Amino acid sequence: MNTLTKRSAEQLASSDSALWEAVQARDRRSDGRFVYAVTSTGIFCRPSCPSRRPRRDRVRFFVAPDAARAAGFRACKRCKPDAAEPIADPWIDKIRRACVYLSNVEGHPSLATLSARLGGSPYHLQRNFKRLVGVTPREYSEAVRLRTVKGRLRLADDITGAMLDAGYGSSSRFYERAVPKLGMAPSVYRRGGAGMQISYTIVDASRAAVGRLLVAATPRGVCAVAMGSSDKELTTALEFEYPAAVITRDAGALARWTNAILAHLAGREPRLDLPLDVQATAFQWQVWQALAAIPYGETRTYSEVASAIGRPGAVRAVAGACAANPVALAIPCHRVVPAAGGEGGYRWGALRKKALLRQEGLDRRDGQDGQDTQDGKKGARRTRGERP
């Protein structure tokens, strides 16, 4: 084995969990980086192979098809790992057309109707839609209708007109499906939050390397915790979200919650338990509840969060829910990290995420997944995220 091949094999062995995650997700971006072989069938495949996933203890990873073939495995006839170029995913165009159709059709077409229109069985349509979009066709359709009703509520003269324009056939169905996700009464949302009382304060959190910190709340609980570079940036974002609400600056009313957040940033209060008043879809709530369960000083990968909510294929949708989190720290989306290393994206900036992880004793440097390197202490903790 030459030096290059030996080094590649060592790198491959050191990242088995990341490779297995790519196989489970059928990640086409990993095609060409490695192949996996199944000992029970004697076949090796691309990471994106559409075949049924094998048991983990029956899988071996190889840096190239030649290495798998030398070990006695033969190429899969379905994904053709020997081909010079990856095979285009035939479902990408079908799912794109499905999204366009669902965005314009009235009501909820059945899976049978949708599959007959696009080709393929209802089972494979559902499976591939979730794989590529992160949610089911019905959930996607509901999200489209929710977006539509939000727009119509701002423009329509009455709630009934907005309800019908968005495709809800009855008021009972509208109040059952859409209203809980608005986070407020439809009449209030239609007025851009008119009648809502929101208090906010902005404090300096530069000691924790996150800059300025805004905390806002309604009488029911905290509705926003945001980080930014200036007070104007933070207040502008709050006013954009609630354009017709009565927004007042009141440090005294929020002192208790603000002090708790600052103590949390300083490491004096590991558990941050605040009453929340935020808008969310059912899926976002699932993700946020899973994030709230991550202990201080630990991280999870996006795939682990997806598995924790029973949706292992919804890794991208989990990332989207993290990005939509309006209450930083209270819902600790900064504790969700990529399996491959590094901090990953963050709504309030990657540098702030890195600072928060460092404050909690977690240094997500590539090749040292979650290892605590503060002060060079030995016996450092590891996160429960993917190990290298």
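Is F73 buried or exposed, and what is its relative accessible area? F73 is buried, with a relative accessible area of 9%. Here, buried means under 20% relative accessible area, exposed means over 50%, and partly exposed lies in between (1.4 Å probe, protein chains only).

The model is predicted: local features need pLDDT of at least 70, side-chain atom pairs count only at pLDDT 80 or more, and totals for chains, interfaces and linings use all residues. Residues are numbered from 1 along each chain as its sequence is written, and side-chain values use heavy atoms, with hydrogens and water left out.

The protein chain holds 17 helices and 10 strands. Both are DSSP runs, numbered from the N terminus: helices are H or I with at least four residues, strands are E with at least two. Of the 388 residues in the protein chain, 45% are buried. Contact means heavy atoms within 4.5 Å. Among contacts in the protein chain with a separation of 6 or more, 57% come from residues 24 or more positions apart.

Four strands form an open sheet in the order β7-β6-β5-β8, and the pairing is mixed. Two strands pair if DSSP finds at least two bridges between them. Strands of a sheet pair through backbone hydrogen bonds, either parallel or antiparallel. The edge strands are β7 (221–228) and β8 (246–249), and each pairs on one side only. From one strand to the next, the twist averages 25°. Strands β5 (residues 197–204) and β6 (residues 212–218) run antiparallel and are joined by six bridges. D204 stands opposite R212 in β6.

Two helices lie across this sheet. Helix α12 (residues 231–241) lies across β5, β6, β7 and β8, at about 25° to β6. Helix α13 (residues 255–265) lies across β5, β6 and β7, at about 140° to β6. Axes are lines fitted to C-alpha atoms, for helices over the stretch in contact, and angles run from 0 to 180 degrees between N-to-C directions.

The structure holds four aromatic pairs. Rings of Phe, Tyr and Trp (its six-membered ring) pair if their centres lie within 6.5 Å; planes under 30 degrees apart count as stacked, over 60 as edge-to-face and the rest as tilted. One of the pairs is F34 with F61: the ring centres are 5.7 Å apart and the planes are at 75°, so the pair is edge-to-face. F34 lies in the loop between α2 (16–24) and β1 (35–38), while F61 lies in strand β3 (residues 59–62), 27 residues apart. Both F34 and F61 are buried. F62 and F73 form a tilted pair, with 5.8 Å centre to centre and 55° between the planes. F62 is in strand β3 and F73 is in the loop between α3 (65–70) and β4 (74–75), so the pair ties together parts 11 residues apart in sequence. F62 is buried, with a relative accessible area of 9%.

S51 lies in the loop between β2 (43–45) and β3. At 18% relative accessibility, S51 counts as buried. Not counting residues up to four places away in sequence, S51 touches R26, Y36, R78 and R127.

Helices α14 (residues 282–292) and α16 (residues 315–323) pack at about 80°, with their axes 9 Å apart. That makes α14 roughly perpendicular to α16. Angles under 35 degrees count as roughly parallel, over 145 as roughly antiparallel, 65 to 115 as roughly perpendicular and the rest as oblique. In this contact, F283, Q284, V287, W288 and L291 of α14 meet A317, V318, A321 and C322 of α16.
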